[in-house]
Amino acid sequence: MNFPYSSKKWMSISLAAVLTTAIGAGTLTASANTGTEAVKPAQPAQTVAAETGNTTTSETAALEELTLEKAIEQALQTNNTLQNARIDAKNADLNESLSYITSADMSKDMIDSLEGTKEQLNAAKAKYVGNAQAEINKKLNALMVKATESKIRLGAQNVYYNLIFAQDDYELKKQSLTRAETQLKVAKAAFDVGTKAKTDVLQAEMGVAGAKAALTSAANAVEVARMDLNDFLGVDLNKKWKIVSSNKQVAPISLTLEQAQAQALSKRVEMTKVQEELNLAELNVKLIEEYSALSTLQGRQARNNVDKSKMAIEEQKRTISKEVAQAYLNLNAAREAIEFQKTAKNSAAESYRLTNLRFENGLATTLEVIQAEEELSDRENQYQKAILNYNLAVVNFETALGN
């Protein structure tokens, strides 16, 4: 059986029978310019609660604003994962402080006065290596908290931009519904004067039903994105925000790949960690050389550990350099994708306009109009995704640099 609708539209149409369609006024989120233009200044966006009629205009105006910077700040204060990491670091520091109090008080003369090389070496390790290990562990604990904070910053920006994308997608679905309803009015008017068949009206009605179903789905996606944001921030899941949209500058990267990799190697906490581990291994070798002999089993193992630590440094350098290169290339590709998707969206908009003119003059069918609108809706969505992907690519690149 041949249906008079595209295959993509049938899923939305079938959902229309079971989904509610009473959707009110929608959100307004800021959109970004592309190409060499700077992104538009941030503008406040209404919440979905206001869109569906659950919040009055005055209540919406009273909602707390949430900027990208504020979202990050909130996450750093109340994110559960980060809070646990900070507590774990404090407990680890307390344990380290208790472990080496006795050995730290031992003087070098006391160590030298001990009988037997083994006793001297063990005492020296307890004092110097033990204390050094304690200090390094404290430093690493702080670095782990810092690394967790970086991940939280990245995660906060991800959920923030995901909510903005969901809101933008909802707005696009509203526009699609408006176009479908306009098409239905035109089809009914043409049918009333006898220039179009009843099938054109039925097709247009099904197009409206599908657009309403897609709008309901988009509204649900906004609510899910909002709860994901609240969950990550560590606030009430039902909290509503007045989102202030924020987009990164669409411009080429000022750093070369080599400069970016060098910056990351100097700033990433992972490099500090492996370097401290090398320092500890070298201290162990020094003590064995002073109080025993490097030719012993302990001496040979200690030198092997130094070599292993050096290899770990080189491995970490390769890992970081690779991560930076991937983030660098992804950012460039994401920036170029915006311009491509903008051109495709504009072409789809012109095609839809021309198809509508042809329909009004009896040269196109309702099916052709539906297909042209479907293509425009898809291209609008892809353009918004390109902006989202670019923002997230910027975030990932900044994180890879160690910022």
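Mentor: The model is a predicted one. Let us begin with glycine 402, which takes a positive phi of about 90 degrees just after α13.

Trainee: How do you know that the span of α13 agrees with its 36 residues?

Mentor: At 1.5 Å a residue, the 36 residues of α13 should span 52 Å, and the end C-alpha atoms are 52 Å apart, so the two values agree.

Trainee: What makes the reach of α12 close to the expected one?

Mentor: Helix α12 covers residues 297–360, 64 residues in total. Just after α12, glycine 362 has a positive phi of about 75 degrees.

Trainee: Why is alanine 327 called buried?

Mentor: Alanine 327 has its place in helix α12. Its relative accessible area is 9%, and buried means under 20%; alanine 327 is therefore buried.

Trainee: Which residues does alanine 327 touch, leaving out those up to four places away in sequence?

Mentor: They are Asn396, Phe397 and Ala400.

Trainee: Why does leucine 94 count as exposed?

Mentor: Leucine 94 belongs to helix α5, residues 80–99. Its relative accessibility is 53%, and exposed means over 50%, so leucine 94 counts as exposed. Leucine 94 and lysine 138 are 44 residues apart in sequence and 9.3 Å apart in space, C-alpha to C-alpha.

Trainee: What share of the protein chain is buried?

Mentor: Buried residues make up 44% of the 403 residues. The secondary structure of the chain comes to 13 helices and 2 strands. Of the contacts with a separation of 6 or more, 81% are between residues 24 or more positions apart.

Trainee: What makes up the largest nonpolar core?

Mentor: This core has 45 residues, and those with the most contacts inside it include Leu66, Tyr160 and Leu229. The elements that give two or more residues to the core are α4 (68–78), α8, α9, α12 and α13. The largest share, 15 residues, comes from α8. A second, separate core of 29 residues includes Leu278, Tyr390, Ala393 and Leu401.

Trainee: What does tyrosine 160 touch, not counting residues up to four places away in sequence?

Mentor: Among the residues touched by tyrosine 160 are Leu66, Leu68, Ala71, Leu229 and Ile243. In soluble globular proteins, nonpolar side chains tend to be buried together.

Trainee: How many cavities of 30 Å³ or more does the structure hold?

Mentor: There are 3 cavities of 30 Å³ or more, and the largest cavity has a volume of about 90 Å³. Of the 10 residues that line the largest cavity, the closest to its centre are Ala180, Gln183, Gly207, Ile370 and Glu373. The elements that give two or more residues to this lining are α8 (117–192), α9 (198–233) and α13 (366–401).

Trainee: How do the residues of the lining of the largest cavity divide into nonpolar, polar and charged?

Mentor: The division is 5 nonpolar, 2 polar and 3 charged. Gly counts as polar and Glu as charged in this scheme.

Terms used
Residues are numbered from 1 along each chain as its sequence is written. This is a predicted model: local features need pLDDT of at least 70, side-chain atom pairs count only at pLDDT 80 or more; totals for chains, interfaces and linings use all residues. Side-chain values use heavy atoms; hydrogens and water are left out. Helices (H or I, at least four residues) and strands (E, at least two) are DSSP runs, numbered from the N terminus. The expected span of a helix is 1.5 Å times one less than its number of residues. On a 1 Å grid over the protein atoms alone, a cavity is a set of points where a 1.4 Å probe fits but cannot get out, and a pocket is an open set with protein on both sides within 12 Å along at least five of seven lines; lining residues have an atom within 4 Å of a point. Grid points are joined across faces, edges and corners, and a volume is the space filled by probe spheres set on the points. A nonpolar core is a set of buried Ala, Val, Leu, Ile, Met, Phe, Trp, Tyr and Cys residues joined through side-chain atoms within 4.5 Å. Buried means under 20% relative accessible area, exposed over 50%, partly exposed in between (1.4 Å probe, protein chains only). Contact means heavy atoms within 4.5 Å.
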